[in-house]
Every structure is written in C-alpha cells, then in structure tokens.
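Here's a quick briefing to read alongside the structure. Have a look at it first, then work through the points below.

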Amino acid sequence: MKLKQILLVVVISVLSAFAGIFLYGKFARSGANTVGVPVDGKLPANYASFFDNKGNAAEPTDFTKASESAIPAVVHIKTKIPAQKITNDLPRGRTGDPFEDFFGDMFGLGPQMRPEQRASGSGVIISQDGYIVTNNHVVSDGGTGVASEIKITLNEGRKTYNAKVVGRDPSTDIAVLKVEANNLPYMIYGNSDDVKLGQWVLAVGYPFNLEATVTAGIISAKGRSIGINGQQSVSPVESFIQTDAAVNQGNSGGALINTTGQLIGINSAILAPSGTYAGYSFAIPVNIVKKVVNDIVKYGDVKRGYLGISYFDEQKTPGENERRLKQSGLQSGDGVYVLEAPNDGGAAKAGIKRGDIITKINGTPVASGLQMSGIIASAQPGDKVKLTYVRGGKEATVDVTLSGKPSESKLTNTDQLADQLGVELADVEAKRAEQLRIHGGGVEIKNIRPNGLLSKSRIDKGFIITAANGQRVKSIKELAAVLGSSRSSKIELEGIYPGYSGLYSYQINLNGDDEDSGSF
C-alpha cells in the first residue's frame, strides 16, 4: 500500500512539472516577447531605438574614412617671435613695477627683454600647390604684425616648410599662407549653409603640440557671435558654427569637417573660463572662409560689402540695444537698433534712418550687429540684400546696395555722442557758468546709464566737462567735434564738480576695457 502511494505521488509530481513547463511556455514567455524584443518579427510604432520596423539594427555612423581623408590635409603650424627689448611701446616687466626697473638699471642688469616666444597652431591645405588657410591669431606677433618665423609640418612624411603670409583678415580671424610645394593633399570645401543642428562633425588639429588629433561632436548652434574678433578689428565679423567637439590650444586654424570629409569650418575659438576646453568650440563657416581666401589670393585684400550703419556694440555698451528695443515695443533679440546711417552709405540711400530697428537680412532674423555682419560677410560690394526693419511700429522691407567700405562714423552727432558714452548730457547755461567760474560754458553729465561706457569709469553724475583732449569745450556740439576729430580711441576729459575745488581729469578708452574672451 505504501509503495502504491509513493508511486502515485511521483506520477502526480511529474505530471505537474510538465504542466507547469507547458503553461510557462504558452503564457509567460509570450508575454515577455512584448518587452524589448519584436513581436511576430515587428516592433511597436512608438518603440524608440536605432532599429527599423523589421528589427534590424541601423548601421552606425563611421568616422574612419572622413578622418583618414582629412588628416593628411591638416598641417601643424609653429611660429617664433624673437626676443625684444622692452621699450615704451612694450610693457615693462611682468609686474609693471617701476622700482624693479630702476634697481635693475642701477645695478647694471641692463635693459629688460621680452623673451623669445613660440606658439603652435593648425592649418588646412586648400590647394595642391601649397595654399593654406589658418587663423590670423595663429600667425600674429601679438600686435599688428606677423611672427618672424612660420614653419609648416605635414602629417605625411613629417616634411617641414617655411611659409609666407599671403594675406590676413583680422575681421574674420583668417590668414592665408603659402609654401613652395606641389602635389600636396588638400581638402575639398563643403557648404556651411547646409549644416544642421545635431549633425555629426569632426575637429582635426594639433592640440598641445600633439600629433594629428581627431575629436567628434555635433553642431550645437549656428550663427553664434561671442565678441572675440573685436579684439583685433574695428569691423569684426562673427557667425560661428558652435560644436561640442573637443578642441584646445593648438587646434586654432584646424579643420571642422562633416562625415564625408568635406571642410565646413575653421576652428577658431573656445569659451573657456579655465583656459582649456569647457564644452563648446566655435568655427568660422567655410562659406565665409571661401570668400575671404579667394579675395586675398586674387586681390591681396578682402572686398567686403557693408550696409552703411552703426549699431551698439554689446561688448562696450551692454544692454543698450535691448533698452532701445523695449522702448520701441519689441522684445530682446528682436532686432538691431540703428545708431547712425551716414548719408553716403547704402542703408541711408535706401531710406534707413537713425532709430530704425533692423529685424531681418534676406529673410533671416537678426539679434545683434555681429550676427548681422556675419550674414552679409560673404557678399561683395555692389550686391543687394533685402533688409527688413521696423519704424514707428510698422514693418517694411527695402533693397540695400552694399557699399565698398564702411562710412566713417565720427562722434559729430550729439545724440550719438551721448549714446556712445552712455550718458545724458546738457549744456551749462551762461549764468550758471559765470557762477561756477567756467567762463563760456561747459557740458554737464546729468546721468550715467547702468552698463554704459562711462559707468565703468570713476566719473560721477554732475561732473562738468570743460576740456577734452586738451581743447576747451563749451557745449555738447563742441565736445562732439573734438572727440570726432580724434584719431585715438583714448580720450582725456577735464572738468569740475560743483561745490568742490580743483580740476579733475579722467582717461577714457572709447573701445572699452580689454577682456579675456577665451581665444586659443
């Protein structure tokens, strides 16, 4: 009896096990098929992945061919600036301590010298006979000249050549070099107007004096302006391609390419609070590069078209453009306030006036003067652009013929003078002038706008200007005429504070304070 019971238990256990396996295969496994795997060979329509609707994996992006084709055409640039005796034109020592200079000379240490400087950058070969494009700041001597020695080292064969500078354009930070060589590997231009946000790009160059280095990233933004080219040009042009491909010191002048190996930009700048790569880099679009290079090679200079207007420089007068937009009922970033439109410029001939707000160029919205200049940077003098502007709350569009050079914009207009200085001015009446013993008059600073140029100085509200650059001024008109005739960006204002004795003098730089904007 006991044996029969044992056998019955064994049979029931075996049958239960098979039944469990059958039910699991039919229900549990079929339910699992709907999580992370295809059902009947297909995926749900809302399934997020790189698989197609048949469950096949999409082919991953391959950077190897683009890298292999670009590296031979990207060169290593090394420059040398010889040691220089420090003169009045050069800073006297690292600390600027006059006592250090005095004791150095007294004890026979001789004149101080600025040591020899060496720098490194990158460049891109653009023709088989040796034309190379790079950044202007790569070959600069730190001033208006170029380095005394510029050597180019090829990636293939490590051959080194002496290079000469064909031409430079500080406005766009582009320089063209030439080496005496033939049958060089060179890069093909792409079209930077076709690049899209999120598109894969590669940066090729020689960071930190390393061998050729390739990094990958995506296009983060287009048409960026960061105010860096204003350090080396009075008419800067910026319309950068922003990427998150890692670049560092030495990448300047190197190539930004697409995944087919075409050149779409020249790496130029980084925003780096720490001095090294911090997440974003900026490249000059190749369509601007092509125009500048072709002009330099053909004419020796850049033939650039200009609208013929002046506008607030956000680096020097931050917030002024935004303030004027709000006064006109527009939002920040909705356009560019026209500070002046000289009569001989293309904009004035098309009817543009001071106070108009330019909102679009050729249908593209503009938010800053630098962005606007970047849009027309590839145009030639004589070309026409469609300019959309707002006046009195009404929008209009006109055709503007670009001029061959920017019209001189002197501070002869009293309204423009107040705008540039960031102040409110008033003539001192004759009776008050007599009481203050400033015979003939003067110019009183009634108010200083926050973030205006003079807000960065030690001048206080109520200061009465009696002289500018050593010339007596009795009215705003005379002050504007004196400053407008100055060839220097540095001015000297002299005057009094009512109720206080003595004359006060201030040195002002119309170009604003120098800042570190992260070039590399």
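In helix α5, the buried residues (under 20% relative accessible area, with a 1.4 Å probe and protein chains only) are Val286, Asn287, Ile288, Val289, Lys291, Val292, Val293, Asp295 and Ile296. Keep in mind that this is a predicted model, where local features need pLDDT of at least 70, side-chain atom pairs count only at pLDDT 80 or more, and totals for chains, interfaces and linings use all residues. Residues are numbered from 1 along each chain as its sequence is written, and side-chain values use heavy atoms, with hydrogens and water left out.

**Helix α5**
- Helix α5 covers residues 286-299, and its 14 residues reach 19 Å from first C-alpha to last.
- That's close to the 20 Å expected at 1.5 Å a residue, where the expected span is 1.5 Å times one less than the number of residues.
- The buried residues of α5 pack against β5 (131-135), β8, β9 (174-178), β14 (263-270), β15 (281-285) and α8 (369-375).

**The cores**
- A nonpolar core here is a set of buried Ala, Val, Leu, Ile, Met, Phe, Trp, Tyr and Cys residues joined through side-chain atoms within 4.5 Å.
- The largest one has 32 residues, and Val124, Val133, Met187, Ala255, Ile257, Leu263 and Val289 touch the most other members.
- Elements giving two or more residues to this core include α2 (64-70), β10 (200-205) and β13 (255-257).
- The top contributor is α5, with six residues.
- There's also a second, separate core of 24 residues, and Val443, Ala468, Val482 and Ile508 are among them.
- Not counting residues up to four places away in sequence, Val133 touches Val289 and Val293, among others; contact means heavy atoms within 4.5 Å.

**The seven-stranded sheet**
- An open sheet runs in the order β7-β6-β1-β4-β5-β9-β8, with antiparallel pairing.
- β7 (160-162) and β8 (164-169) sit at the edges with a single partner strand each, so one side of each has no neighbour in the sheet.
- From one strand to the next, the twist averages 30 degrees.
- β1 (residues 74-81) and β4 (residues 117-125) pair in the antiparallel sense over eight bridges; strands pair if DSSP finds at least two bridges between them.
- Ile81 has Gln117 in β4 as its bridge partner.

**The whole protein**
- The protein has eleven helices and 26 strands, which are DSSP runs numbered from the N terminus (helices: H or I, at least four residues; strands: E, at least two).
- Of its 520 residues, 42% count as buried.

Methods:
Buried means under 20% relative accessible area, exposed over 50%, partly exposed in between (1.4 Å probe, protein chains only). Axes are lines fitted to C-alpha atoms, for helices over the stretch in contact, and angles run from 0 to 180 degrees between N-to-C directions.
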